[in-house]
Each structure stands twice: as C-alpha cells, then as structure tokens.
Amino acid sequence: MEEIFVTRPSMPDFEEYNEFLKDIWQRRWLTNMGKYHNIFQSELLKFFCAENVELFVNGHMAIELSLQAFEFSPGTEIITTPFTFASTTHAIVRNNLTPVFCDINPEDFTIDVAKIENLITEKTGAIMPVHVYGNICNVEEITRIAKKYNLKVIYDAAHAFGEKYKGENISRFGDVSCFSFHSTKVFHSIEGGAACFADKKFGKKLYHLKNFGISGPETVDAVGANAKMNEFCAAMGVCNLKHFDENISARKKVFDRYIENLGDIAGLKLNFVQKDVTPNYAYFPVIFDEKFFGAARDKVFSELAKSGIHARKYFYPLTNAFECYAGKFNPEETPTALKIAGQVLTLPFYPDLPLETVDNICKIIRDVNKL
C-alpha cells in the first residue's frame, strides 16, 4: 500500500540542480554568503518586489532574530495567535517576551482584528499575526491599529509565499514579513527562510544577528547567532523559484478537484480563495462539524490512515495548550481557535498528487459520512 502524506516536496529536475552542485563542489565555498546565497537573495528581491531581503537557515530564525532586532525590553507583550505552528510562539518566548493570545476569525482562521485593541496594554510592543493556510490577515486593519498605538508588526508569512493582496506582494506588509522555505512548504530551499523589510538599519541588525555579530574581519560589535543559509539550500531555492508558477498551476488543479468532490457535503467547511488575494494554494484544510457531517474529525483521520493516507490535524493542539506552557496560558480564552483546532484536518496536497488519489481520499470521506 502506497503511503500518501499531507505534503511532498516539489523537486526540480536532478540535472538542473546537479549543475549547481558541480559548481559548488569546484568552488568549495559552502556557506558564509557564497555565490548562490547571493543569487538567491537577488532573485527573491525581484520576486517579492521587496526593498530588502535577508536569508536565514530556516523560517524560525527569521522570526526569532527579527524579534530580537527590535530590541524590546524583557517581558514586552506581543499580541499573536495560538492557531499556528510552534515556531511562532516559541520565538516570542525565547526572546524573553510575553505572548498575548488573540482569538481567530472563524472564516479564514487568521487573527481576529476586532479583538486586538482590547488586548493592548502599556506593555504591548508588537502584533505578530499569522497568514494561515495561504489565507491573508486583514492587513489594512492591522496597519491601522499598529499606527494608532505605535506598535511594530511582524508577520509570520510562512504559508503565504508568492501571494499578493490587491496586486501587492504580501512580503511588503508590516515592519517585517518572515517566510519559511522548509521542504514541506509551497516553495522550499530544503531548509531556509527569509525576512522582508524596508528599514535598512533594521536589516543591518538582522545581518549581525545571523552572523555572530561580526561586522568585519576583526570586529564583533553585536551578540549574534549562527543563522546563515548554506550554498546547497540556496541553490535549491534558485532552482525551485524558476518553476514556482508551474507549481502553482499544478496545485490549483488539485485544489479544484477537492472542491468538486467535497463542495456539496453538509457539515464540511472548505477553504476558498479570499477576495483580492492571488493565492498559492498552500494547504487544503477542512473543518468537520460533527453535528451536520455525522462524524468527528478524528474518525475521518483514522479512516484515512487505514488506507495509508496521512492527513494532519493542523493546527492541533493550539500553542497556548502545549505541555511546555502548562499553567501559563488558558486556551479557553481563545474559544474559536480551540473549537477549530478540534475540527480541522488538512488533506494531502501537493502538485503531483494524482487526481485519482484525490478522488479516493474524497470517497473515503464520503463513506465516513454515510456510516
């Protein structure tokens, strides 16, 4: 039985990548902002239409070091969402900052902008919204709130690579937008990440932080980490960026097939493309309402697993319910997120997923509905 996982990395032609490998082998410059790091950075700058782009070893370090670069005082409150991957919350906590959890909008699962202002205190330093499944936050309202209260905005844009809102690349919103290029993402460089921002002084801090605080051969004028992207990852990024548009076209076909198969089933909430958003079809989440569908999310999860189909409860549990934060946060304070986390299942979704496999996945879901 073939195992079907929720994602599968998109890969360029081996010979295309191998040409880069041959050059890397000959040059023996494997890291420390080498040739392909610089090419990838330059290509991303054009792709994002961004003013500045800094590359990182992964998306988490892009977020963690962006927070550090703002030099918030210890304990500063960062308003964010618990409906996200562990990285978002951990980055805040690892900077000795305090996450303040805002509930989510039940329609698109992003931070509920109507609830942000009630959470702002004299200790608030920033808002860290998360674009979820390729769904874009209400960037206009977040910008308004941030300006009103003089707050920084750090977007976790791990799911939003390549997307546009009203024709503008999503990388251009906020003080900084952080992207993940992990192999499971819609675009990847094996491992990697990037931060897009306008302020060059902020960028200088980021560069120092990712490179041990080194600013010259004999000068270390900041306390930094090691978060540099290596040449092998950069080369993969350069290759995959060339094929991004065809990747998205293939993902759309899988997306359309799921909608065709599942769109008429009562008790299912599907994730449609938002108005004014150029989508990347990053994930295919389904919300299962047991009352109307007739079965709980976990039942569907187990029935799919019996056939070797590994869907994912993404995001479950909420980050404010993690064991490592036991007693510090109360997930009941974000009831919408808590409810959605217990109902959501992301189905297998990648460009070369056979449409016949999509049909089979949907048949299993329909059969559960009939039990």
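Author: Helices (H or I, at least four residues) and strands (E, at least two) are DSSP runs, numbered from the N terminus. This is a predicted model: local features need pLDDT of at least 70, side-chain atom pairs count only at pLDDT 80 or more, and totals for chains, interfaces and linings use all residues. Residues are numbered from 1 along each chain as its sequence is written, and side-chain values use heavy atoms, with hydrogens and water left out.

Reader: OK, what do the buried residues of α8 pack against?

Author: Their partners include α2 (35-48), α7 (231-242) and α12 (355-370), plus strands such as β13 (268-270). Buried means under 20% relative accessible area, exposed over 50%, partly exposed in between (1.4 Å probe, protein chains only).

Reader: Which residues of α8 are buried?

Author: Among them are F244, I248, R251, F255 and L262. Seen down the axis, the buried residues of α8 fall within an arc of 165° (directions from the helix axis to the C-beta atoms), so they line one face of the helix.

Reader: And which exposed residues sit on the face turned away?

Author: D245, E246, K253 and E260.

Reader: Switching topic: how many disulfides?

Author: Zero, counting a pair of cysteine sulfur atoms within 2.5 Å. For C49, the nearest cysteine sulfur, that of C196, is 10 Å away.

Note on methods. Contact means heavy atoms within 4.5 Å.
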